[in-house]
Amino acid sequence: MLRLEHVSFAVNGKYILEDINLTIEDNRFTVITGPNGGGKSTLAKLIMGIEKPTSGKIYFNGEDITDLTIDERAKRKIGYAFQQPPRFKGMSVRNLLTLAHGRALDEEHCCSYLTDVGLCSKDYLDRDVDSSLSGGEVKRIEIASILARDVELSIFDEPEAGIDLWSFAKLVETFQKLQKKSQQSIILISHQERIMQLADEIIIIEAGKIKTRGSKDEILPSLMSEFDTCEYKR
Ligand SMILES: Nc1ncnc2c1ncn2[C@@H]1O[C@H](COP(=O)(O)OP(=O)(O)OP(=O)(O)O)[C@@H](O)[C@H]1O
């Protein structure tokens, strides 16, 4: 279980997130959405330890992880797929997936993770994760590397960003499978209705605060009508 207690994050005195209180039960599929600049990625970075809260506490499985490093949180089986993934010059896709997996990974399994994100595996296994890959390719390889990991909590920051419609359909299918398996908690930051449709819970973050949260049946109808009146089209 993940718990945030009174978590705030401020830069130069300006609050980017303010007094966030949030509990995410085990094996839930949670979608975080809301307007650009609301603080969604910052929240994900605080959970992963990329940023440290200005105040408040973060607990994972009852342990206070507020002061733990990214590596220490990774060892506790928290994984994070960046909105804009880094590239790793000199590292092949096969090696990245094996490293992520933490032990030997045979070719068949490597390929299945790539297929899950809509990549034709044999074309990619021996390529380097460097600037020769397109933005959409590197994004999908990053997502595959989280799928290959043994995680209890995975956070995907806008997995749909920069991904074509065909690969997006495949990704939705993959997240649907993960949701059905219900063997890990997933926090997915997304603006896509098809992803929100998979959620056990939707949380809307706006202007650094949780605006509302609830089941998709509670949240989606009003959210969609806000879209119709352009509130989220800004
Ligand atoms: N380290 C920082 N220093 C200054 N401002 C920051 C910092 N980190 C985030 N911000 C600002 O905080 C706000 C929230 O950023 P964040 O990336 O969390 O938003 P978001 O909800 O993920 O937006 P989007 O939907 O566009 O990805 C933005 O205005 C951003 O510019």
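Four strands make up an open sheet, arranged in the order β2-β1-β4-β5 with antiparallel pairing. β2 (14-24) and β5 (63-64) lie at the edges with a single partner strand each, so one side of each has no neighbour in the sheet. The structure described here is a predicted model.

- Strands of a sheet pair through backbone hydrogen bonds, in either a parallel or an antiparallel manner.
- Strand β1 (residues 2-11) and strand β4 (residues 55-60) run antiparallel and are joined by five bridges.
- Within this arrangement, L4 stands opposite I58 in β4.

**The contact of α4 with α6**
- Helix α4 (residues 107-116) and helix α6 (residues 135-148) have axes that come within 8 Å and cross at roughly 125°.
- The two helices, α4 and α6, are therefore oblique to each other.
- The crossing in which α4 passes α6 is right-handed.
- On the α4 side the contact is made by Y113, L114 and D116, and on the α6 side by A144, L147 and A148.
- By class, the residues of this contact comprise five nonpolar, no polar and one charged.

Notes: Residues are numbered from 1 along each chain as its sequence is written. This is a predicted model: local features need pLDDT of at least 70, side-chain atom pairs count only at pLDDT 80 or more; totals for chains, interfaces and linings use all residues. Two strands pair if DSSP finds at least two bridges between them. Axes are lines fitted to C-alpha atoms, for helices over the stretch in contact, and angles run from 0 to 180 degrees between N-to-C directions. Angles under 35 degrees count as roughly parallel, over 145 as roughly antiparallel, 65 to 115 as roughly perpendicular and the rest as oblique. A crossing is left-handed if the near helix is turned anticlockwise from the far one by less than a right angle, and right-handed if clockwise. Two residues are in contact if their C-beta atoms, placed from the backbone, lie within 7 Å. Ala, Val, Leu, Ile, Met, Phe, Trp, Tyr, Cys and Pro count as nonpolar, Asp, Glu, Lys and Arg as charged, and the others, Gly among them, as polar.
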